[in-house]
Each structure stands twice: as C-alpha cells, then as structure tokens.
Amino acid sequence: MNGVSTALIAVGLFLGGGAYSFWKQELPRGVVALLAVGAALCLVAGILRLEVWQ
C-alpha cells in the first residue's frame, strides 16, 4: 500500500462521514449526493491503486 492509495481511501472515508452527517442534518439532497459520489469515487480510486494484483 502506498501513500496515494492511503490518502485516497482516507479522503473517501472523510467525505462519506460528511455525507452521512449532512444527511442526518437534513441538508439538501443534492449536496449529500455530491459528497456521496465524491466519497465513492475516492474509495474506488484508492482501492484500485492498491497493488494487490501485481
């Protein structure tokens, strides 16, 4: 595991927590959806950057 994949996974978890927090505060769904999509993209990018398959 390198630093970039760790950072992407950490940012994805942070954004996911933010999306959950915003959802609990009943903020607009567009904001929550944008954060959730960003979190999912960061997590997927971090997982794909892991060099497990090599």
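In helix 1, the buried residues are Ser 5, Gly 12 and Ala 19. Buried means under 20% relative accessible area, exposed over 50%, and partly exposed in between, with a 1.4 Å probe and protein chains only. Seen down the axis of helix 1, these buried residues fall within an arc of 45°, so they line one face of the helix. The arc is that of the directions from the helix axis to the C-beta atoms. The model is predicted: local features need pLDDT of at least 70, side-chain atom pairs count only at pLDDT 80 or more, and totals for chains, interfaces and linings use all residues. Residues are numbered from 1 along each chain as its sequence is written, and side-chain values use heavy atoms, leaving out hydrogens and water.

**Helix 1**

- Helix 1 covers residues 3-24, which is 22 residues. Helices (H or I, at least four residues) and strands (E, at least two) are DSSP runs, numbered from the N terminus.
- From first C-alpha to last, helix 1 reaches 32 Å, close to the 32 Å expected at 1.5 Å a residue. The expected span is 1.5 Å times one less than the number of residues.
- Gly 3, Leu 13, Phe 14 and Lys 24 are exposed on the other side of helix 1.
- Helix 2 is included in what covers the buried residues of helix 1.
- Glu 26 follows helix 1 and has a positive phi, near 60°.

**Ala 39 in helix 2**

- Ala 39 sits in helix 2, residues 29-49.
- Ala 39 is buried, with a relative accessible area of 4%.
- Ala 39 touches Gly 12, Leu 15 and Gly 16, not counting residues up to four places away in sequence. Contact means heavy atoms within 4.5 Å.
- Ala 39 and Gly 12 are 27 residues apart in sequence, and their C-alpha atoms are 4.2 Å apart in space.

**The whole chain**

- The protein chain has two helices and zero strands.
- Its C-alpha atoms fill a box of roughly 45 × 15 × 10 Å along the principal axes.
- The radius of gyration of the protein chain is 13 Å, whereas a compact globule of 54 residues would have one near 10 Å. This radius is taken over C-alpha atoms, and the globule rule is 2.2 Å times the number of residues to the power 0.38.
- Of the 54 residues, 17% count as buried.
- Among contacts with a separation of 6 or more, 66% join residues 24 or more positions apart.
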